[in-house]
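Here is a set of questions and answers for reading the structure shown below, with attention to charged pairs, aromatic rings and pockets.

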Amino acid sequence: MTAGLQPAVADLSMWALFIQADLIVKTVIILLAMASVWSWSIIFEKVLLLRSARENASDFQEKFWSGGSLDEMYDSLEKIPYRLDPMSQIFVAAMKEWRRSSGILSSNGIHGTSLSQRIDRVMQITLEREMDRMEKRLTFLASAGSVSPFVGLFGTVWGIMNSFHNIGASSNTSLAVVAPGIAEALFATALGLVAAIPAVLAYNKLSSDMSRYSKILENFAGEFSTILSRRIDDTTSKRSMG
């Protein structure tokens, strides 16, 4: 007895769905895949950057509060050829302004209050610049998280439209005709969520961690400003008495 013909089974693997999709859906899939890869690269970069920044800040504060000479600490940091961490950058910027102006604090009529304000301003500018550098490309995660589902939805709608078009062209409503188009449409939706969910979660977590780290820098800048203000007051007092 001759065996009956078995219906062809559609290949619904991810690669097959991509190959079978039309140009629009393929473009959507490629864009979402690229967004996902770029998002993960940013996530790993920022996680490592924050971890390194926290460790460097902890090491720096340990040296800073050890009671050693701030001038010697400044001299050693200024000679480092590679980029300093944000907290060290704030310290170096403030000490540089202090050394530049402390020698002429009274001889040229520079008031202690004016110098203190300038040092505070230098530290604030340095802090903002360093945080901008650390937060660079972070907004891409927010954009990917908000836009990716809609891009995936567009691919879904387009794929379903193709399925209905195939039904109308073939006058066949069997699952074999409808399944590939619907599968590729749902594949676009899934990719949109795959790109969006990690991006949103990572953006919220990294933004929170960046804010906490920024607060650490602000606290250090405030403490260091107090120390330099005392130096300014002592220098002003000694020169006025002299």
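Q: Is arginine 99 buried, partly exposed or exposed?
A: In this predicted model, arginine 99 has a relative accessibility of 36%. Buried would require under 20% and exposed over 50%, so arginine 99 counts as partly exposed.

Q: With which residue does arginine 99 form a salt bridge?
A: The closest N and O atoms of the pair are 2.9 Å apart, and the cut-off for a salt bridge is 4 Å. Arginine 99 lies in helix α4 and its partner in helix α3, so the pair ties together parts that are 24 residues apart in sequence.

Q: How many residues apart are arginine 137 and glutamate 45, which form a salt bridge?
A: The closest N and O atoms of arginine 137 and glutamate 45 are 2.6 Å apart. Arginine 137 is partly exposed, with a relative accessible area of 31%, and glutamate 45 is partly exposed as well, at 32%. Arginine 137 sits in the loop between α5 and α6, whereas glutamate 45 belongs to helix α2, so that the pair links distant parts of the chain, 92 residues apart.

Q: How many salt bridges does the structure hold?
A: Side chains of opposite charge can pair when their charged atoms come close. Among the residues involved, Arg54, Lys205, Asp209 and Arg212 are joined into one network by salt bridges that share partners. The number of salt bridges in the structure is 11.

Q: What is the arrangement of the rings of phenylalanine 64 and phenylalanine 91?
A: Phenylalanine 64 lies in helix α2 and phenylalanine 91 in helix α4, so the pair ties together parts that are 27 residues apart in sequence. Phenylalanine 64 and phenylalanine 91 are both buried, and ring pairs link them into a cluster that also includes Phe60, Trp65, Phe220 and Phe224. With centres 6.0 Å apart and planes at 85 degrees, the pair is edge-to-face.

Q: Which helix gives the most residues to the lining of the largest pocket?
A: The largest pocket holds about 230 Å³ of space, and, of its 13 lining residues, the closest to its centre are Lys63, Leu77, Ile80, Asp85 and Ser88. The lining divides into 6 nonpolar, 3 polar and 4 charged residues. Helices α2 and α3 each supply at least two residues of this lining, and the helix that gives the most, with 4 residues, is α2.

Conventions. Residues are numbered from 1 along each chain as its sequence is written. This is a predicted model: local features need pLDDT of at least 70, side-chain atom pairs count only at pLDDT 80 or more; totals for chains, interfaces and linings use all residues. Side-chain values use heavy atoms; hydrogens and water are left out. On a 1 Å grid over the protein atoms alone, a cavity is a set of points where a 1.4 Å probe fits but cannot get out, and a pocket is an open set with protein on both sides within 12 Å along at least five of seven lines; lining residues have an atom within 4 Å of a point. Grid points are joined across faces, edges and corners, and a volume is the space filled by probe spheres set on the points. Ala, Val, Leu, Ile, Met, Phe, Trp, Tyr, Cys and Pro count as nonpolar, Asp, Glu, Lys and Arg as charged, and the others, Gly among them, as polar. Rings of Phe, Tyr and Trp (its six-membered ring) pair if their centres lie within 6.5 Å; planes under 30 degrees apart count as stacked, over 60 as edge-to-face and the rest as tilted. Buried means under 20% relative accessible area, exposed over 50%, partly exposed in between (1.4 Å probe, protein chains only). A salt bridge is a side-chain nitrogen of Lys or Arg within 4 Å of a carboxyl oxygen of Asp or Glu.
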